[in-house]
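User: Can you walk me through this one? Keep it short.
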Amino acid sequence: MNKIKCALIGSGNIGTDLLYKIKRSEVLEPVWLVGIDPDSEGLARAREMGIKTTADGIAGLLPHIQADGIRIAFDATSAYVHKANSDALTALGVKVIDLTPAAIGPYCVPPVNLAAHLDANEPNVNMVTCGGQATIPMVYAVSRVQSVAYGEIVATVSSRSAGPGTRKNIDEFTRTTAGAVQSVGGAREGKAIIILNPAEPPLIMRDTIHCLTDKTPDEAAITRSVHAMVDAVQKYVPGYRLVNGPVFDGKRVSIYLEVAGLGDYLPRYAGNLDIMTAAAASTAEAFARRMLKNDKLATV
Amino acid sequence: MNLSGKKITVHDMTLRDGMHPKRHQISLTQMVDIARGLDEAGVPLIEVTHGDGLGGASVNYGFPAHSDAEYIGAVVETVKQAKVSALLLPGIGTVDHLKMAFDLGVNTIRIATHCTEADVSEQHIGAARKLGMDTVGFLMMAHMNTPEGLARQGKLMESYGANCIYITDSAGYMLPEDVKARIAALRAVLDPATEIGFHGHHNLAMGIANSLAAIEEGATRIDAAAAGLGAGAGNTPMEVLIAVCQRMGIETGVDLFKISDVAEDRVIPIIDFPIRIDRDALTLGYAGVYGSFLLFAKRAEKKYGVPAREILLELGRRGMVGGQEDMIEDTAINMARERQARTQATC
């Protein structure tokens with residue numbers, strides 16, 4: 001089967017983990033990994049895998065886009081440079097999957113709204129945040145049953161899995177996640193909290209979702225909806241697990257999750273890394289399947 | 001210990017840490033009444049925020065009776081000589097909250113992180129410094145890091161722009177020697193112009209002793225609350241601290257009788273239960289568990305039938321840090337399930 005060629009920008013934790021996932025894909029082929037530090041571990045690993053690398057940032061990639069047939073690019077750099085990266089790439093007809101909190105394109109949480117983005121053929125989609133990918137499907141699982149006045153998520157990640165980007169921009173995490181709890185999750189008001197826990201051995205990512213429903217919650221329907229959504233997320237994040245709940249307490253619905261990763265780049269505890277890259281990869285795969293289908297149609 | 005002639009700034013916690021045992025339900029009238037008393041007693045700095053800092057209003061930590069802005073606005077208008085401070089935990093509150101507090105007239109901002117995670121405070125400390133605020137780095141659960149580790153974390157916060165670094169005994173776990181070692185390690189590496197503070201909890205009845213140990217090693221800002229109103233068994237009781245300081249010749253500028261009247265006449269009448277070292281608060285101090293988990297664990301005990309003490313011990317074993325209140329119900333459910341499985345197995 002033909003594969004859609006991809007470039008990954010950013011050679012930190014996220015970019016490197018993503019590389020492993022794209023490498024396994026049936027419809028995506030990683031061609032470039034772009035960094036800014038020639039000594040980065042991510043670039044070294046990519047070279048070992050036979051992937052083309054540059055340490056000159058996006059400028060080192062752009063001249064090769066057309067010759068190498070790059071059609072999808074993942075940006076795992078930072079919100080500050082994403083717009084420039086995205087503009088340069090979309091101008092060359094490359095579809096951009098944004099893993100920074102820049103969010104210039106619409107938020108994409110695959111089991112909630114990927115299908116809509118495919119139909120709209122968006123040039124740039126944003127993957128919200130790790131905490132958002134873990135929790136927004138659950139907010140939506142409640143809000144598709146009945147209206148949610150308020151949705152709140154608490155994401156706890158191990159200190160080891162939070163890179164310098166996350167640490168320097170922790171406000172962007174809370175703002176972006178809270179915004180998407182509303183716009184994608186379907187809560188009228190959204191709130192997001194992130195906690196870093198340094199325990200050793202590192203704890204597996206934990207996520208708690210609290211929803212306040214307008215009317216008394218329909219316990220049976222919400223429980224069914226939550227279980228169905230857990231199954232949907234498990235398709236691309238096998239370590240996504242409902243630990244407790246949904247707990248019902250008046251109009252409060254609380255859901256307690258654990259997210260273990262596949263251990264591609266960082267160990268299994270870093271489910272936060274995994275759910276972000278797995279969501280980005282599955283989004284790109286869906287776009288790639290469309291592209292492959294359309295290519296076939298065009299050549300017939 | 002001769003501390004005569006030392007000068008310290010006492011920082012009142014009644015209206016912030018005291019929000020925990022009040023489940024964040026202090027009324028505006030009560031808050032203004034206590035703030036006026038503190039101001040008249042000569043307390044120079046009064047913290048006003050949701051117990052979990054700016055933006056703490058949530059299902060996870062509790063919704064307060066009024067917004068941060070309403071509380072801060074009311075106290076800023078009330079005080080004549082005292083300055084007002086606010087607390088902010090990155091990951092819960094944002095720079096937007098910080099700017100709101102500054103616009104309302106807050107003088108001092110305290111940016112709180114777990115004692116190993118100072119680098120999440122760069123954005124907030126930087127923003128506060130840019131606004132010209134008195135900017136404090138607040139290292140919570142300080143018993144969970146070594147003196148050397150804390151010195152490195154404090155140094156980071158100083159490099160972002162903090163002009164004061166706190167050793168925060170959120171669990172009320174430390175003994176005077178622990179406090180001394182940590183304050184001394186900070187003092188050794190920080191710029192001489194950078195102040196050091198200590199925030200104590202009274203879960204092992206060490207509030208006063210630990211504060212004195214901190215002063216001995218060079219701390220100049222000491223947190224305390226009238227009648228000890230604070231999480232767990234409360235904070236260092238302000239009126240007791242002032243009396244001890246007066247006996248030892250430590251200058252605080254606070255009037256002993258006036259502050260003890262504030263405790264007796266304004267704070268005690270509003271408390272929901274005695275702030276004392278009950279078995280659960282004792283467990284916080286003994287096992288090193290975050291103070292504000294106390295009431296959540298007691299509620300989980302009622303709902304799931306697992307003793308609060310056992311829940312707290314389990315949270316301590318699993319290394320839970322400040323802010324992980326969501327893990328209390330989760331842990332209680334897990335423990336209740338295990339208990340049931342055990343009973344069934346033996347039947």
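This is a predicted model: local features need pLDDT of at least 70, side-chain atom pairs count only at pLDDT 80 or more; totals for chains, interfaces and linings use all residues.

Analyst: Residues are numbered from 1 along each chain as its sequence is written, with chains lettered from A and ligands numbered from 1 in the order in which they are written.

User: Is strand β6 of chain B buried or exposed?

Analyst: Five of the five residues of β6(B), 164-168, are buried, so the strand is largely enclosed by the rest of the structure. Buried means 20 or more other C-beta atoms within 10 Å of the residue's own, with C-beta atoms placed from the backbone. Strands are DSSP E runs of at least two residues, and helices are H or I runs of at least four, numbered from the N terminus.

User: Which residues sit on each side?

Analyst: B:Cys164, B:Tyr166 and B:Thr168 are on one side, B:Ile165 and B:Ile167 on the other.

User: What does β6(B) pair with?

Analyst: β5(B), residues 134-140, runs parallel to β6(B) with four bridges. There, B:Gly137 partners B:Ile165. The chain gets from β5(B) to β6(B) through helix α5(B), residues 147-160, in a right-handed β-α-β crossover. Right-handed means a clockwise path from the first strand over the helix to the second, with the strands pointing away from the viewer. β7(B), residues 195-199, is also parallel to β6(B), with five bridges. Pairing takes at least two DSSP bridges.

User: New topic. How is chain B divided?

Analyst: Into domain 1 (9-270) and domain 2 (292-346). The bounds come from an automatic or database domain assignment. Their C-alpha centres lie 29 Å apart.

How values were computed
A residue is buried if 20 or more other C-beta atoms lie within 10 Å of its own, exposed if 12 or fewer, and partly exposed in between; C-beta atoms are placed from the backbone.
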